[in-house]
Amino acid sequence: MQCCGPGYASPEEAMRAPCEKLLYTVAIYTGTGIQKPDYLCTIDADPESATYSRVLHRLEMPGIGDELHHMGWNACSSCHGDAAMRRSHLLVPGVRSSNIHIIDTAADPSAPRLHKVIQGSEIKSKTNLSAPHTVHCLGSEIIVSMLGDARGEAPGGYLHLDRNFDIVGRWENSMGEIPFSYDFWYQPRHNIMASSEWAAPNTFMPGFDLEEVGHLKYGRRIHLWDFRKRKPQQTFYLGEDGLIPLEVRFHHNPDSSHGFCGAALSANIIHWWKDPDDEWKWEKIIDVENEPHPEWPIPVPGVISVILISMDDRFLYFCNWLHGDIRQYNIENPHRPVLTGQVWMGGLLGRAPEVNGIRVTGGPQMIQLSLDGKRLYVTTSLFSTWDNQFYPEIRTNGGCMLMVNCNTQTGGMEIDSDFAVDFGREPNGPSRCHETRYPGGDCTSDIWV
């Protein structure tokens, strides 16, 4: 198992990497009523193993109430060729505490250990930032998107760490007129970074209020940055087509200018690109229709909570967290995507309430794709207060992780009948699972320069 190199020379090399044997997944007790720390799980992903799809190790965080959410590597393929860099540490932020946990995965990949904690209080005092979200390697250093200021108000900004995980300061030179922060991805050969918008921590942390969307307390823009100058240069105002634009992804091909974003509440996929005149443009390429529900006064939106692009840039995957389906689109023509696969797990529409013997509470939320594109791992928790609001039974049933087998030739998806991790049966009571990473790198962390 390749687990500690600095990265791969190209997407093609990454796709030929050995299959993953382990998975790292965050699990949370924050918001469940169980007064235990959130933790990082090591899961056996080797189908030849006697402990396949079981939790092998649980690393508890030092405190209670972090709300572990997204995480990222200290090194990725942007470090390729730097012999001093190793994919050796996971950065695991707590959105609520603002603590960033540095986890050593190299000493014993099956049993990671805590290396250090960057305290939220230190981050707030030195940078006036809080609520860490997306972590990306930046060559030998690290950028973390921060959703709020020290008081939990927008727009937040970007935390800059050095290779020793010490605070350098704020990465951006200017936030310009950006009102909110969320996810980001950069494409160095085009000197561009794209960022999206959620809301201020003080808005989204208590739960979701639809009226606050109308009051402009949630985002509806994608921002393009001058990457070298570290400041925004262009904004796409998406309007009603782009309510709450969350995850952003560029193609893995470093020469490509094509990027994608999932607008959660509008349930649309937004595509942008640079035309032959060097002008950046955008369009809506997928629109998920709202579905009627007997207990809802309005049709239920899909709520696209996550998107992902395969390493060869042929397939786009996303989840409709409220509807309960995971979709696969062929995007070889990024202007004309073609639906090639769809499976169901959980959701409010009742189309797959039980899968592999697990009663799925919640909907498909976070996904991670193997480097060869054949295995898609899916978890069910979005954010604790939102989970409790839309899926109240998740308090007692907990979350789950399933695996979807993906056809990489012609497209197609099927839930694997042998892989299932039921977080409702954890030793300290039902917990919820969120983002997953591979020791050898994955489709949502590697960036090529």
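The sulfur of cysteine 443 lies 10 Å from the closest cysteine sulfur, that of cysteine 406, which is too far for a bond. A disulfide is a covalent bond between the sulfur atoms of two cysteines; here the term is applied to a pair of cysteine sulfur atoms within 2.5 Å. For cysteine 319, the closest cysteine sulfur also belongs to cysteine 406, at 11 Å, again too far for a bond. The structure holds 0 disulfides. Cysteine 443 has 1% relative accessibility and therefore counts as buried, and cysteine 319, at 0%, counts as buried as well. Buried denotes under 20% relative accessible area, exposed over 50%, and partly exposed the range in between, with a 1.4 Å probe and protein chains only.

The structure is a predicted model, in which local features need pLDDT of at least 70 and side-chain atom pairs count only at pLDDT 80 or more, while totals for chains, interfaces and linings use all residues. Residues are numbered from 1 along each chain as its sequence is written, and side-chain values use heavy atoms, with hydrogens and water left out.

In soluble globular proteins, nonpolar side chains tend to be buried together. A nonpolar core is defined as a set of buried Ala, Val, Leu, Ile, Met, Phe, Trp, Tyr and Cys residues joined through side-chain atoms within 4.5 Å. Of the 30 residues in the largest nonpolar core, those that touch the most other members are Tyr317, Ile326, Met345, Ile367, Leu376 and Val404. At least two residues of this core come from each of β20 (304-309), β21 (315-320), β26 (366-369), β27 (375-379), β28 (400-406) and β29 (413-422). Strands are DSSP runs (E, at least two residues) and helices likewise (H or I, at least four), numbered from the N terminus. β28 provides the largest share of this core, 4 residues. Another core, of 26 residues, lies apart from it and includes Leu147, Leu243, Leu382 and Phe383.

Strand β28 is largely enclosed by the rest of the structure, because 6 of its 7 residues are buried. Two strands are taken to pair if DSSP finds at least two bridges between them. β27 and β28 pair in the antiparallel sense over 5 bridges, and leucine 376 has valine 404 in β28 as its bridge partner. β28 also pairs with β29 in the antiparallel sense, over 6 bridges; here the bridge partner of leucine 402 is alanine 420 in β29. These two strands, β28 and β29, form a hairpin with 6 residues between them, and glycine 411 in the turn has a positive phi of about 95°.

Strand β13 (residues 192-195) pairs with β14 in the antiparallel sense over 4 bridges, and isoleucine 192 has aspartate 226 in β14 as its bridge partner. β14 and strand β15 (residues 231-237) pair in the antiparallel sense over 6 bridges, with phenylalanine 236 in β15 as the bridge partner of isoleucine 222. In the hairpin of β14 and β15, 4 residues lie between the strands, and arginine 230 in the turn has a positive phi of about 60°.

On a 1 Å grid over the protein atoms alone, a cavity is a set of points where a 1.4 Å probe fits but cannot get out, whereas a pocket is an open set with protein on both sides within 12 Å along at least five of seven lines; lining residues have an atom within 4 Å of a point. Grid points are joined across faces, edges and corners, and a volume is the space filled by probe spheres set on the points.

The largest pocket has a volume of about 420 Å³. Its lining comprises 29 residues, with Phe208, Leu265, Pro301, Val303 and Leu322 nearest its centre. Helix α5 (residues 384-390) contributes the largest share of this lining, 3 residues. By class, the lining of the largest pocket has 19 nonpolar, 8 polar and 2 charged residues, where Ala, Val, Leu, Ile, Met, Phe, Trp, Tyr, Cys and Pro count as nonpolar, Asp, Glu, Lys and Arg as charged, and the others, Gly among them, as polar.

The structure holds 2 cavities of 30 Å³ or more. The second largest cavity has a volume of about 90 Å³. Of its 13 lining residues, Thr134, Asp183, Arg249, Glu435 and Arg437 are the closest to its centre. The lining of this cavity divides into 4 nonpolar, 4 polar and 5 charged residues.
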